[in-house]
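I opened a notebook for this structure and looked up its pockets, its cores and its backbone. The entries follow the order in which I looked.

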Amino acid sequence: MNKKIIPVIVALVLILIIGVVGFGGQLLEKYTYSKELADMDAYYGVSEGQLAILLQDEWLSEKAVLQDGAVYFDLDTVHQYLNEGFYADINEQKLLYTTANDTAEAQFGEKAYSDKDGTHSVEYVICQMRGDILYLAADYVKQYTNYAYSLYDRHLQMYTQWGEKQTMEIVKDTQIRQRGGIKSPILREMEEGETVELLEEMEDWSKVKTSDAIIGYVENKRLANRQTETEVPVTDYTAVEYTSVSMQGKVSLGFHAIGGEGGNAKLSDMLAEGKGINVIAPTWFSLTDNDGNFRSFASTQYVEQAHGSGLQVWGVWDNFNYKNETGTEVSSYEVLSSTAKRRKLAQSIVDTSMGLGLDGVNIDFEGLTEDCGVHYIQFLKELSVLCRKNGLILSVDNYVPFNFNNYYRLDIQGMVTDYVIIMGYDEHWHGSGDPGSVASISYVSNGLERTLAQVPEEKIVNALPFYMILWKTEGTEVTDQYITVNNVDDYLARVNVEPEWDETTCQNYAEWQSGAVTYQIWVEDAESIGVKLSVMAQKNLGGVAVWRLGYGTPEVWELIASYANS
């Protein structure tokens with residue numbers, strides 16, 4: 001009987017031993033630290049020649065490139081994260097950077113750049129095409145940008161902001177792992193005494209960044225001695241300050257529409273009407289071709305007469321009047337996207353202005369497409385350098401800002417120009433087929449609020465309309481015609497219509513029938529202009545402009561003068 005039990009006991013013991021060993025192995029497996037090393041190429045998401053980019057404490061999806069010992073970023077990355085001021089002319093193979101007083105220029109593939117101080121050599125290729133993408137050397141970008149970077153094996157650490165950070169000390173040799181948990185792959189070994197930046201503290205593990213910019217997780221029991229450190233910002237970069245010319249008191253500008261040289265003879269009439277203006281802006285110049293040439297109706301006698309009356313003269317350059325006059329197609333894109341043509345135009349504007357004795361330049365480029373925006377802004381930057389050098393005031397006319405026209409970049413205009421003029425009208429415009437006010441008070445006020453978010457208040461000039469639109473609706477057909485402020489009372493008297501005040505638009509409004517035609521008009525008069533001026537005064541703007549001289553009434557001009565002298 002005993003002989004039969006012994007094998008059973010032996011079997012049970014063996015089963016027990018196997019179970020214990022198995023269970024112990026599971027326990028050992030569960031609590032043993034993994035020695036698996038992370039695939040660092042996969043961790044950084046890079047291939048040969050690429051560098052991952054750590055901006056502050058976040059990995060970017062974009063990659064840098066290492067070539068001949070130099071780091072390069074593609075132009076889009078530079079624009080998005082570092083400095084949008086770099087301008088590339090792909091056709092002429094030039095990289096430009098315009099400051100308040102100068103433009104630095106580098107030819108693609110070269111190890112030198114030029115500016116007002118001459119030619120400067122560097123030890124790396126400044127910019128180069130790789131396929132159809134332009135890459136800029138990180139060190140060249142750094143000359144004009146407030147940022148710092150450090151190069152490691154497969155990645156870069158970049159900083160554009162500096163503040164305080166929490167640090168901790170490694171108190172025993174350990175590992176930094178890809179994720180929290182002892183089974184996570186090891187990013188690298190950590191030695192006792194190393195300092196790490198604490199990014200996120202959890203129950204058992206903490207997210208940290210090492211001195212060589214590796215982000216991973218370390219057990220809390222290996223961390224101690226929390227400290228707060230102040231980060232040291234870049235000290236080798238100083239931004240060039242933009243200076244602006246400003247008039248004493250508010251700008252009070254009247255646009256003088258001149259259809260030809262004969263229009264200059266109307267100056268005396270304009271001065272007699274425009275009570276309180278201190279600037280007159282004649283529409284003298286207009287682009288005539290795709291090479292940056294323009295026609296001129298300018299007159300030195302006009303300038304002398306205006307100066308004699310105590311007014312400044314800001315010549316207006318536009319991109320549409322010659323086209324409207326002759327039917328000749330003129331491409332603003334063709335002019336502005338060419339560095340050679342753009343420079344020719346800017347220099348010609350300044351040379352012409354100085355030759356005439358003008359006080360300022362007014363740019364009125366309308367109808368620009370979104371793809372032209374970057375070239376237009378570069379034009380304004382380059383023109384601002386020349387105007388600043390020659391003491392000319394630079395003002396720019398703009399639509400009321402919306403998301404769909406933000407490529408006019410009021411934020412940059414507000415930095416590089418002296419005055420940003422908002423054309424506070426055309427809420428409903430001639431030919432739109434959509435009856436409504438030319439400039440309701442909400443349209444004007446909201447537009448100025450959006451402008452104030454981008455432009456210093458003292459640089460903003462709001463332009464008022466001295467016109468309105470008479471809308472005619474017959475069935476589904478809508479036609480319209482302009483009526484000026486100085487003619488509207490006579491017109492309404494002739495049709496025997498008395499408008500009533502509309503609190504929504506803050507304008508007098510009239511609507512009437514004549515046969516099958518419905519007429520509507522939102523009136524611009526002393527009442528509506530007075531409300532607009534009151535809103536402008538509350539916002540403490542840099543001044544007022546009117547489109548245009550010859551359309552006003554004494555009552556309205558009294559209001560303009562009172563506002564300008566307030």
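The entries below go through pockets, cores and backbone in turn.

**Ground rules.** I am working with a predicted model, in which local features need pLDDT of at least 70 and side-chain atom pairs count only at pLDDT 80 or more, while totals for chains, interfaces and linings use all residues. Residues are numbered from 1 along each chain as its sequence is written, and side-chain values use heavy atoms, with hydrogens and water left out.

**Largest pocket.** I looked up the pockets (on a 1 Å grid over the protein atoms alone, open sets of points where a 1.4 Å probe fits, with protein on both sides within 12 Å along at least five of seven lines; lining residues have an atom within 4 Å of a point). The largest holds about 820 Å³ of space, a volume being the space filled by probe spheres set on the points, which are joined across faces, edges and corners. I found 34 lining residues, with Glu 366, Met 423, Tyr 425, Asp 426 and Tyr 467 closest to the centre. The lining has 20 nonpolar, six polar and eight charged residues; Ala, Val, Leu, Ile, Met, Phe, Trp, Tyr, Cys and Pro count as nonpolar, Asp, Glu, Lys and Arg as charged, and the others, Gly among them, as polar.

**Second largest pocket.** Here I read about 650 Å³ and 29 lining residues, with Leu 75, His 79, Tyr 87, Ala 88 and Val 374 nearest the centre. α10 (373–390) is among the elements that give two or more residues, and α10 gives the most, six. Helices (H or I, at least four residues) and strands (E, at least two) are DSSP runs numbered from the N terminus.

**Cores.** A nonpolar core is a set of buried Ala, Val, Leu, Ile, Met, Phe, Trp, Tyr and Cys residues joined through side-chain atoms within 4.5 Å; buried means under 20% relative accessible area, exposed over 50%, partly exposed in between (1.4 Å probe, protein chains only). The largest has 102 residues, and Ile 521 is one of those that touch the most other members. α10 gives the most to this core, seven residues. I noted a second, separate core of 38 residues, including Tyr 97 and Val 122.

**Backbone.** Most residues other than glycine have a negative phi, and most peptide bonds are trans. I found a cis bond between Trp 547 and Arg 548, with omega about 5°. Asp 426 has a positive phi of about 65° and sits in the loop between β27 and α12. I logged Asp 426 as partly exposed because its relative accessibility is 33%.
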